[in-house]
Amino acid sequence: MPRIPLVDLAASYARHRDAIDAAIRRVLAETRFILGPEVGEFESAFAAFCGTRHAVGVASGTAAIHLSLAALGVGPGDEVALPAHTFAATAEPVTWLGARPRFVEVDAETGGMDPDALKAVIDRVRAVVPVHLYGLPVDLDAIGALATAAGVPLIEDAAQAHGAEFVRADGSVVRAGAYGRVGCFSFYPGKNLGAFGDAGAVTTADPALADTIRRLADHGRATKYEHLVVGYAARLDTLQAAVLTAKLTTLRESNQRRRELAAAYRSRLDGVGDLVLPVEPANRRGVYHLFVVRTRHRDGLLAYLREAGIGAGVHYPVPLHLQPAYAALGYRAGDLPVTEAWARECLSLPIYPELTEEQLETVVSRVRAYFERV
Ligand SMILES: *Cc1c(COP(=O)(O)O)cnc(C)c1O
């Protein structure tokens, strides 16, 4: 166990213990483990948090993407635009539905989908799935305009971006998951809003689409034994919903704390070695699910920090287009040079709301010490 972990779930539980324990006891007393009242309570609270009309609780972030694509009719023969610099779950559901991932280059500064690269493929794809990577929204106006002009749905992978904000050209503020046709959220334990197991949600303004996704997640049924379509077993657990409602009350302040820690890292690491620090364009407010720096000395720094008891990570070391799982798509090294540079150079430093100033100072001093040696 590193002295300063990349993420500290024990500290998070300690901060919410009373509320979580009470919520779990309530569910245990009711024993309505499947679609109990806590699921609807959480959906309403989460929709309000995101500024969307509907939120549908589902089994995971992966399920959120899968059900969204299925509900929007993506199927065999279709192509879906998505980045390769992301977690595998952005792409897997595309493949499950018989469609083909079309990997789109990312922006050199932010690591998010590059609208210019999307422009080149928008006419051949059936849907667009940008990822608000590390908690920073992509350029939603640019990507949204392309998707709207092409008549294809925008599916936000907001698995890392609960509460992140984007300022539209007209000055109005929209939260991650409330801009596109749907937003897909993960509540994997280490995410900004984390359950005690797998959990996820889909957000949308469209009531019919919300109904379709809700039905697909619950065996396609209209009533207990009437199945309108072939669905999935992908509901949100009552217990997880209860935990999530308890933790949602502090999400705003937790995100604010992450932003303060990110600002502290930025000011203390500025100019150290060849580090490139995360940028935040003026029209976006990130929620720093991860604090990701770039350096040509990534592997050396990673080993040095781990040796020093600091839980640094790499998100993600191998882009999806070069993964063995996607060899059949025929991509080669060099096809997405900006993506590949991110994969070579990115390094995640510990960031979570309970990280103390002293811990952050320790991380900073170790990073500085490394660059004094090289
Ligand atoms: C975590 C994550 C997912 C998948 O979420 P799960 O809840 O683990 O299924 C999808 N996309 C991104 C970008 C993620 O970080």
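The ligand sits in the largest pocket. A pocket here is an open set of points on a 1 Å grid over the protein atoms alone, with protein on both sides within 12 Å along at least five of seven lines, and a molecule sits in a pocket if more than half of its atoms lie within 2 Å of its grid points. The model is predicted: local features need pLDDT of at least 70 and side-chain atom pairs count only at pLDDT 80 or more, whereas totals for chains, interfaces and linings use all residues. Residues are numbered from 1 along each chain as its sequence is written, and side-chain values use heavy atoms, with hydrogens and water left out.

Around the ligand there are 16 residues, of which Gly61, Thr62, Gln160, Ser186 and Lys191 come nearest; a residue belongs to these surroundings if one of its heavy atoms lies within 4 Å of the ligand. This shell has seven nonpolar, seven polar and two charged residues, where Ala, Val, Leu, Ile, Met, Phe, Trp, Tyr, Cys and Pro count as nonpolar, Asp, Glu, Lys and Arg as charged, and the others, Gly among them, as polar.

Several polar contacts (pairs of N or O atoms within 3.5 Å) can be followed in detail. A side-chain N or O atom of Ser186 lies 2.6 Å from an oxygen atom of the ligand. A polar backbone atom of Gly61 is 2.8 Å from a ligand oxygen, and a polar side-chain atom of Asp157 is 2.8 Å from a ligand nitrogen. The protein buries 93% of the 380 Å² that the ligand exposes when taken alone, by the Shrake-Rupley method with a 1.4 Å probe.

The count of disulfides (pairs of cysteine sulfur atoms within 2.5 Å) is zero. Cys50 is in no disulfide, because the closest cysteine sulfur to that of Cys184 is in Cys50, 11 Å away and too far for a bond. Cys50 is buried, at 2% relative accessible area (buried means under 20%, with a 1.4 Å probe and protein chains only), and Cys184 is also buried, at 1%.

Definitions and conventions
Polar contact = N/O pair within 3.5 Å; in protein donor to acceptor, adjacent residues only side chain to side chain. 1 Å grid on protein atoms, 1.4 Å probe; cavity = no way out; pocket = protein on both sides within 12 Å on 5 of 7 lines; lining within 4 Å. Buried < 20%, exposed > 50% of the residue type's maximum accessible area, 1.4 Å probe, protein only.
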